[in-house]
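Student: I would like to learn how to read a few features of a protein model. Could we start with strand pairing and then go on to cores and single residues?

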Amino acid sequence: MALIVTARRRTRLGRRGRRTRAAAALLLASSASFGLLLAAPGPAEAGSNLVVNPGFEAVRGTGTLPTCWEKSGWGDNDATVTTTDQSHSGGKALSVTLTRRVSGDRKALMVEDASCAPQVTSAHQYDLSLWYKSTTPDASITVFRHDVKAGWQYWTDLKTLPVSAEYTRASVRTPVVPPGTDQITWGVSVHGTGTVVSDDYDMQDATLPAEGPVCTAGEACTKGSWAVMPFRNPVRSMHSVVLHNGKVLLVAGSGNDPDLFKAGTFTSAVHDPKTGAMKTIPTPVDMFCAGHVQLSDGRILIMSGNKAYPAADGSHGYEGFKDSYIFDPASEKYVRTNDMNEGHWYPSATILGNGDVISFGGLKEDSTGSVTAEKFSQAQQKWLPRTEVNQTWSYWGLYPSMILMQDGRLFYSGSHVFGDGTPGTGASVYDYAANRITDVPGLQDKDHRDQSMSVLLPPAQDQRVLTMGGGNVNSNPEASRLTDLIDLKRPSPAYTPGPLLPQGTVDQGRGPQPQTGGQGKMYVSAVLMPDGKVLETGGGLHDRADPVYEASMFNPATDTFQPGLATDPVPRTYHSSAFLLPDGRVMAVGDNPGNGTFNDQVSIYTPPYLYKGARPQITSVASDRWQYASTQRVTVDRPVVKAELIRPAAVTHSSDPNQRFVDLPMTVGSDGTTIDLNVTSNPNLAPPGWYMLFAVDADGVPSVASWVHLGGAEALAAPVVHGFAGAMSHEAKGPEKQRSSHPVPVEIAGCDRHYGAANVCVPTAFPKSVAPTTAARCAWLTSHDYRNLRLNGRNDPLRLDPDRNGRACG
């Protein structure tokens, strides 16, 4: 058995009696509409059977082993592991036969991953049982365990299985589960010639009484828990993309390190959450602060990046380039596309309903602002010439959050990076087909929404957007607590104030202290969760400084925050990301404060729903290739009340405009576990591509995701949508006068380049609490770990070098 080295969550799973789920007990008007139903999994005794597919009835494909079961073993022997119709119940059982043995064994075990291996709790004991018949005395129940630091490893053989010509029940209780163990797998191991047939596996938590609390994990039951992983991020990643194979692409480029830039050292890494492995990927250009998006086939389009860091003499700022690449998750290599029409450092990237990608904003090759809209054609697999793309000649800023609406228009939410918002109300709807922009009113304090976060709330069908927090790197006030909500289905949509962001603690160089007054945060991360809520986490009070330790859960059903969740112990400010993993946990990486350092620690959040007990399991998916307007059949191991598609993350700088949660209305079969899911006919609600399919029970506990691909010719058709946002209060505006660029100051990033290196951001405006004196400013820089700042040239606008020795605060 190969060892898988990983660091998994610790979770509290207890016994739960089966409860009636009204939403999951809907009967079909005619059972004939289901055709031939898949048989339900094997019977479980009282309590909750933690085994997925215990009777082997679910099989993903012809000629394969049952869902969540695998063959394994070692040594010199000949063996077959197959399904058989010699079942104890149902129609299938699992057979292990050794015909020759010199050494080793052969096993039939549960698959070693989060979707199949039962979750366990340290210090608990579990009763295991199965029905079997055997022609060999050399067989046993074997258990492997998953250690959160060391990965999968053999644990123990629990019981020898005597020869039996007829089905016999074997049961055994495990030893106390060792500390640090969060999952086990178990099954039959055969180490002598002969055959063992087994069926109807069962696993119960023997520690808790039949009735009682479903969670004994203390505060984690309501707050969740964070764990800092024992491995490190090998690259200074600015960008995080969850790939459709479950891995995570972490893109650094030069990682905001001018020395790496000069050396031509550009890096990415691929992380496998199942094993904890980090693989460094050769990276052709400096993709530092590029744009990226999931294409409809699952490859990642990465556009532009860093052509140059700002010059010390102030002659130019950051410069973008035209290069564009596609990352292929299969080969784990970058392949160049044709060039964009011009450079775009910090561009937006939004996938459209037909699979095309549209991009706005960023900095050109000469550090000025780009006013050129770019479009990548899905059909032609290339960037289109400027003349084939509608142009408004508007400057949308850097990383403007452009969210696809259900009728194909784009909503600019007002979230952006670096400085003030756009002119006007700060938010707008852009009709690409008509090439007209209409301002949307109501966004509070629009010029302090720098590195705020905007998300299309669950479900996407509701067309509601939440915008949270933000600041302004140029004026550098305390970041905001403001949130705003908008319903894009209304005839004249407008933002309305949402609840204030909850407060936590802030570290301004003197250790964490409680936030007060209007103190909020910028660099906000927000993650759509499988239970339909939104996790907000991380952030900072000032430009690249003063981390805020606070996390909450926003409930779109009530428009309220649940404050006081567990907080990431690692600061997460500038260049940080948080994103959903297929197993329902959240991963957080990065932190790049103004002193130029980078935090390479990786954190994992286990939400409260993973402490509520056994998870539902998606035991089969009839097809992983889904068409729009289709009905797709899945089976689950127990009743669930909802299912959804969540688009995998492609996040950077508090921006992932393609993040969305798409509801799948259900029809439930008479067995309660065979479900038909109705897929939207509108590709603007769910643009083509790979999605994580989650099933969620009545307690909000989600399954591990199954990957499905949504697409087909229907993506090219005009979607059927309801009329909305058709009577907006502001006049629509046509294109501006054609121009080549928009002027942008060299200090747009809020950094005074008279001091330090290109990756060191001495703020152009210090926090208001810092007196405008050399002593106060130098004390602030020292408390924030700025070191060895040189004076670049003779100018000293912040008066940091009164001794004229060429060293700031020396």
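Student: Over how many bridges do strands E47 and E52 pair, and in which sense?

Tutor: This is a predicted model. To read a pairing, look for the bridges and for the sense of the two strands. Here strand E47 (residues 631–636) and strand E52 (residues 674–678) are joined by 5 bridges in the antiparallel sense. Within that pair, Arg633 has Asp676 of E52 opposite.

Student: In what order do the strands of the open sheet lie?

Tutor: A sheet is read strand by strand across its pairings. The open sheet has 4 strands, ordered E45-E47-E52-E51, with antiparallel pairing. At its edges are strand E45 (618–621) and strand E51 (666–668), each of which pairs on one side only. On average, neighbouring strands in this sheet are turned by 30° against each other, direction ignored.

Student: Which residues does the annotation "Galactose oxidase-like Early set" cover?

Tutor: An annotation comes from a record, and its span can then be described from the model. The unreviewed UniProt entry gives this domain residues 615–709. That span is 0% helix and 45% strand, and its end C-alpha atoms lie 23 Å apart. The UniProt annotation "Glyoxal oxidase N-terminal", also from an unreviewed entry, covers residues 268–596. For residues 268–596 the figures are 0% helix and 34% strand, with end C-alpha atoms 19 Å apart.

Student: Which members of the largest nonpolar core touch the most other members?

Tutor: The largest nonpolar core holds 51 residues, and Val455, Met529, Leu535 and Phe579 touch the most other members. Strand E43 (residues 586–589) supplies the largest share of this core, 4 residues. A second, separate core has 39 residues, among them Leu645, Val668, Ala686 and Val708.

Student: What does Met529 touch, leaving out residues up to four places away in sequence?

Tutor: With those sequence neighbours left out, the contacts of Met529 are Leu535, Met553, Leu580, Gly584, Val586, Pro607, Tyr609, Ile646 and Phe661.

Student: Is Lys364 buried or exposed?

Tutor: Compare the relative accessibility with the cut-off. Lys364 counts as buried because its relative accessibility is 12%, and buried means under 20%. Lys364 sits in the loop between strand E23 (357–359) and strand E24 (374–377). Beyond residues up to four places away in sequence, Lys364 touches Tyr318, Glu319, Gly320, Glu342, Gly343, Gly369, Ser370, Ser740 and Ser741.

Conventions. Residues are numbered from 1 along each chain as its sequence is written. This is a predicted model: local features need pLDDT of at least 70, side-chain atom pairs count only at pLDDT 80 or more; totals for chains, interfaces and linings use all residues. Side-chain values use heavy atoms; hydrogens and water are left out. Buried means under 20% relative accessible area, exposed over 50%, partly exposed in between (1.4 Å probe, protein chains only). Contact means heavy atoms within 4.5 Å. UniProt positions are given in the numbering used here, feature names are shortened, and annotations may be inferred rather than shown by experiment. A nonpolar core is a set of buried Ala, Val, Leu, Ile, Met, Phe, Trp, Tyr and Cys residues joined through side-chain atoms within 4.5 Å. Two strands pair if DSSP finds at least two bridges between them. Axes are lines fitted to C-alpha atoms, for helices over the stretch in contact, and angles run from 0 to 180 degrees between N-to-C directions.
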